[in-house]
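Subject: Handing over the model, with notes

Dear colleague,

Please find the structure below, with my notes following it.

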Amino acid sequence: MAVARSKTIVSDFSLSPHIDQVGVEERASRFTKRSIKKESKLNGLLLTLNMIDLTTLEGKDTDGKVKQLCYKAMHPYDAIQGLPTVAAVCVYPSMVKVAKKALDGSGIKVASVATAFPSGQAPRDVKIRDTKYAVANGADEVDMVISRGKFHAGEYNFVFDEIASIKEACGEARLKVILETGELGTYDKVRRASDIAMHAGADFIKTSTGKIQPAATMPVTLVMLEAIREFYYKTGKMIGMKPAGGISKSKLALHYLVMLKETLGEDWMNNHWFRFGASSLANDVLMQIVKEKTGLYQAANYFSVD
Amino acid sequence: MATRKSNTLKLKFDTSWSYAPAPESKSAATINKQYDLFINGAWQKPSSKKYFDTINPANEEKLSEVAEANEADVNKAVVAARNAYEKVWRKMSAKERAKYIFRIARMVQEKARELAIIESLDGGKPIRESRDFDVPTAANHFFYYAGWADKLEYAFPNRNPQSLGVAGQIIPWNFPLLMAAWKIAPALATGNTVVLKPAETTPLSALKLAEIIQESDLPPGVVNIITGAGATGAAIVKHPDINKIAFTGSTEVGKIIQKAIAGTHKKATLELGGKAANIIFEDAPLDQAVEGVINGIFFNQGHVCCAGSRLYVQESVAKQVIKKLKDRLESLIVGDPLDKNTDIGAINSKQQLETIHKYLKIGKQEGAEMYETSCALPRKGFWCRPTLFTNVAQSNRIAQEEIFGPVLAVLTFRTEDEVIEKANNTPYGLSAGVWTDKGSKIFNMTRRMRAGVVWANTFNKFDPTSPFGGYKESGFGREGGLHGLLPYLNLAN
């Protein structure tokens, strides 16, 4: 008997699953109880390094700054041979060309924020042009922000349509959708925004711009990972995850990896599906890698500040 | 993108990045080769002259041997407790009594690491639990009841609260140290003296507590800790000079105790078995509910009298919940109890493992679908994979009888009335759980469930301030909180 194929139906997002705050925070803290030692620590650190989106998003960014950052992305710490590179360099659209050239041939992706980052308070056609500009200059990935004002006003269709139109403007580039969870207020809303973004065509969902506190937290990331898992089971489509902002220490990054491993498993344990949006994490990871290899902690001055 | 059928999709939790072993060091704990009986503040040889082995259930190696107390030894302990009661403890001012209990609480905290290691070695529970739950909660119990000692007049105003005398206390093997704390702390706070017997498979943490008590300079005889099996327990129950029996253990033994003390003046509290219903409504936060269900049944290998061993899921979300349960099951780590990453340790004894296996067989024979995790088990020791049964009917034995292991029976329901009826349809009534986003539903459920504790949107939460105890064949009397003082007091009407 022929069975009607299930179609992905755009849901009523106000019916997105609810999240129990106490429960999700308890589960998230449980991941921090895993003890990561010896070779699993070293392997976790190498994986973390390889998942970092090295980021500079400042008004004072210049070509020179971006070039230096790109060199660091390719050569995080040349004193140790065979280290992986980071996953991507994340810049403003105006810096995409410089980054693309500097990273040429390295395999490192260029990610560009777009859509009137970080506030997202601009008309849609401006956001689309912003996106197209970044992609035309060579961005492999676009990190957009959602319209949080519209989201709070309950205009979910507006948010959905905007994400869909940016996705269209991205063409081949992968789209990361920043929910700015620090402005959403509840885990219920984080879940709802995740569902909207995934259904509207996001390739990645991302917690934060890094400009608002709180940025990424473990419970927020867990809510998003669980949304990804459910979306995968419903549609068969994998969505990537990028916690950003506030993850500056290796130990915390390893806790995130534990959470990823125990929530989504092997298929997501690579930089195609998981990223850390961070700038200061890299040096702490490098310091820990050196410690694991030599048994000694080096002073911070041994690691370049880019 | 093409849509694949969701039942072919599978997440792979056996990842290339894995956790290296992170064992807690055994050398931080001192275990003697042999333990005598702790009577009248001193270690005394058993008049039986017999000792029995206590083993590590994770590798079946002998840890120590402990004395077997016979009737004469029990009598010696009761006489010591009676003397201490009449001559010292009942006369001591309440605030002085409190100081001793506070001191014991602090010493339990100071020796927390050692106690946690001993608890995991002797009982098989994961170090994460003994370190983060058993030992700290035990210390909290002493702290809490120390505070009550000089405030009994305020707890029961105008009722002239008076101590009873000697309490005989018999505790189980699932939370050896914590149960000792639950029993000893309120008894001392109310001015009673104690003869306590830990379970024969897990005596070591109680004996370590005896060392702490000795070091705390508690007057000799106020707490006596003697070891032995069922016969020793029976001798305590039958001893004529005991005023109160406090027992935690199986319903079967509870009934024997009640028969034995019928017609005597002895007061009793019994905390017995359970077959708790954990109920998930379709509007519940499902991921958190699943986590709560997992902790509700797999905490301490399911050796928990209030374990949520019957899961009732509303049919509309049953498939989804079962899938989530199976995924979560795969990320549980079964193995060395001393490894900090272990979620599920060893089954406490060979006998208990046989009981669990018996029920697994029954479940399959009854036609329920069995699902167990794919994890490898160590060769030596007593192990059981976390297991769940789906397609279970209310009339199945695995849904009615207490298994006391890591085995969850999953049943479905349609309406609120139906699930309340099914949840109450058991001889037990110790605990229950309700998962829903709707507050009014929680209150409706908690009002109608016949269980001593009902958790809402959480499970297995314990606090010294909160009373705990059962309905029906789960026993009577309450432990914890102000209610926990009552069984150790006579009150004027």
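In which hand, left or right, does α2(B) pass α7(B) in their crossing? Before the answer, please keep in mind that this is a predicted model. The crossing of α2(B) with α7(B) is right-handed.

**Helix packing in chain B**

Helix α2 of chain B covers residues 94–110 and helix α7 of chain B covers residues 204–215, and the two pack with their axes 10 Å apart at an angle of about 130°. That angle makes α2(B) oblique to α7(B), since angles over 145 degrees would be needed for roughly antiparallel and 65 to 115 for roughly perpendicular. On the α2(B) side the residues involved are B:I104, B:M107 and B:V108, and they meet B:I212, B:I213 and B:E215 of α7(B). Sorted by class, this contact has five nonpolar residues, no polar ones and one charged.

Helix α7(B) also packs with helix α6 of chain B (residues 176–189), where the axes come within 7 Å and cross at roughly 50°. Here too the helices are described as oblique, α6(B) to α7(B), and α6(B) passes α7(B) in a right-handed crossing. From α6(B) the contact takes B:P176, B:L177 and B:A180, while α7(B) contributes B:S205, B:A206 and B:L209. The classes in this contact are five nonpolar, one polar and no charged residues.

Helix α8 of chain B, residues 230–238, is of interest for its buried residues, which are B:T232, B:G233, B:A235, B:I236 and B:V237. Among the elements that cover them are the helices α1 (71–89) and α9 (251–261) of chain B, together with the strands β7 (166–170), β8 (193–197) and β10 (244–248) of chain B.

**The two domains of chain B**

Chain B is divided into domain 1, made of 26–272 and 472–490, and domain 2, which runs over 277–456. Their C-alpha centres lie 30 Å apart, and 20 residues of domain 1 of chain B are in contact with 26 residues of domain 2 of chain B. On the side of domain 1 that touches domain 2, α3 (112–123) and α4 (127–148) of chain B each supply at least two residues, and α4(B) gives the largest share, three residues. That side of domain 1 of chain B is made up, by class, of five nonpolar, seven polar and eight charged residues.

Helix α4 of chain B is also where B:Y145 is placed. Is B:Y145 buried or exposed? It counts as buried, because 28 C-beta neighbours lie inside 10 Å, and 20 or more are enough for that label. Apart from neighbours within four places in sequence, B:Y145 is in contact with B:I101, B:A185, B:P186 and B:A189. B:Y145 and B:P464 are 319 residues apart in sequence, yet their C-alpha atoms are 8.3 Å apart in space.

**Where chain B touches chain A**

Between the chains, 28 residues of chain B are in contact with 37 residues of chain A. The largest share of the chain B side, five residues, comes from helix α10 of chain B, residues 286–298. The residues on the side of chain B that touches chain A divide into 10 nonpolar, 11 polar and seven charged.

**Backbone details**

Two cis peptide bonds in chain A deserve a look. One joins A:F117 and A:P118, with omega about 0°, and A:P118 is found in the loop between β3 (109–113) and α5 (124–136) of chain A. Another joins A:Q213 and A:P214, with omega about -5°, and A:P214 has its place in the loop between β6 (204–206) and α9 (218–235) of chain A.

The loop between β3 and α5 of chain A also holds A:T115, a residue other than glycine whose phi is positive, near 60°. A:T115 counts as buried, because it has 29 C-beta neighbours inside 10 Å. In chain B, B:N391 likewise has a positive phi, about 65°, although it is not a glycine, and B:N391 lies in the loop between β15 (387–390) and α13 (397–400) of chain B. B:N391 is partly exposed, with 15 other C-beta atoms within 10 Å.

With best regards

Note on methods. Residues are numbered from 1 along each chain as its sequence is written. Chains are lettered from A and ligands numbered from 1 in the order in which they are written. This is a predicted model: local features need pLDDT of at least 70, side-chain atom pairs count only at pLDDT 80 or more; totals for chains, interfaces and linings use all residues. Domain bounds come from an automatic or database domain assignment. Two residues are in contact if their C-beta atoms, placed from the backbone, lie within 7 Å. Helices (H or I, at least four residues) and strands (E, at least two) are DSSP runs, numbered from the N terminus. Ala, Val, Leu, Ile, Met, Phe, Trp, Tyr, Cys and Pro count as nonpolar, Asp, Glu, Lys and Arg as charged, and the others, Gly among them, as polar. Axes are lines fitted to C-alpha atoms, for helices over the stretch in contact, and angles run from 0 to 180 degrees between N-to-C directions. Angles under 35 degrees count as roughly parallel, over 145 as roughly antiparallel, 65 to 115 as roughly perpendicular and the rest as oblique. A crossing is left-handed if the near helix is turned anticlockwise from the far one by less than a right angle, and right-handed if clockwise. A residue is buried if 20 or more other C-beta atoms lie within 10 Å of its own, exposed if 12 or fewer, and partly exposed in between; C-beta atoms are placed from the backbone.
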